Amino acid sequence: MDDVYRLPEEHRELQQAVRALAQDKIAPRAAEIDETGQFPWDVYEALAASGFHAIHIPEEYGGSGGDNLASCIVIEEVARVCASSSLIPICNKLGTMGLLLRGSEELKKQVLPSIAA
């Protein structure tokens, strides 16, 4: 049983925090979000206030500096209660990866802090 994969403690804590937020703030609105098809600004604000909306942005640009596993945990936990709302962290990651991987330092400093905020 020792060869079973377990999340590191910091990732388990992240998972618990995101799960709690998702259960409290997102799950009660999931059906309405799907029915109306409107962007859930309250969900976005809850994720942003917790730093979960763009957890992958490095700390030097105002982000949380989460690794890829942290990003996956956030997306998965939000998707557990509302697939539509999971697009918030997904799109933030997908939309910034080109910049993070190949963008100039000047452009990163110009764009990433506002996304992280």
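Residues are numbered from 1 along each chain as its sequence is written, and side-chain values use heavy atoms, with hydrogens and water left out. In this predicted model, local features need pLDDT of at least 70 and side-chain atom pairs count only at pLDDT 80 or more, whereas totals for chains, interfaces and linings use all residues.

**View 1. Ring pairs link Phe 39, Trp 41 and Tyr 44 into a cluster.**
A pair of aromatic rings is described by the distance of the centres and the angle of the planes. Rings of Phe, Tyr and Trp (its six-membered ring) pair if their centres lie within 6.5 Å; planes under 30 degrees apart count as stacked, over 60 as edge-to-face and the rest as tilted. A search of the whole structure finds three aromatic pairs. One of them joins Phe 39 and Tyr 44, a tilted pair at 6.2 Å centre to centre with 50° between the planes. The ring centres of Trp 41 and Tyr 44 are 5.8 Å apart and their planes stand at 80°, so this pair is edge-to-face. Trp 41 and Tyr 44 are three residues apart in helix H3 (residues 41–50), a separation of about one helical turn; helices (H or I, at least four residues) are DSSP runs, numbered from the N terminus. With a relative accessible area of 53%, Trp 41 is exposed, whereas Phe 39 at 43% and Tyr 44 at 23% are partly exposed. Here, buried means under 20% relative accessible area, exposed over 50% and partly exposed in between (1.4 Å probe, protein chains only).

**View 2. Helix H1 (residues 9–26) packs with H3.**
The axes of H1 and H3 lie 10 Å apart at an angle of about 155°; axes are lines fitted to C-alpha atoms over the stretch in contact, and angles run from 0 to 180 degrees between N-to-C directions. H1 is therefore roughly antiparallel to H3, a term for angles over 145 degrees. From H1, Leu 21, Lys 25 and Ile 26 make the contact, and from H3, Val 43, Ala 46, Leu 47 and Ser 50. Contact means heavy atoms within 4.5 Å.

**View 3. Ala 70 has its place in helix H4 (residues 68–81).**
The relative accessible area of Ala 70 is 5%, so this residue is buried. Not counting residues up to four places away in sequence, Ala 70 touches His 11, Leu 14 and Ile 55. Ile 88 is 18 residues from Ala 70 along the chain, and their C-alpha atoms are separated by 15 Å.

Conventions. Helices (H or I, at least four residues) and strands (E, at least two) are DSSP runs, numbered from the N terminus. Angles under 35 degrees count as roughly parallel, over 145 as roughly antiparallel, 65 to 115 as roughly perpendicular and the rest as oblique.
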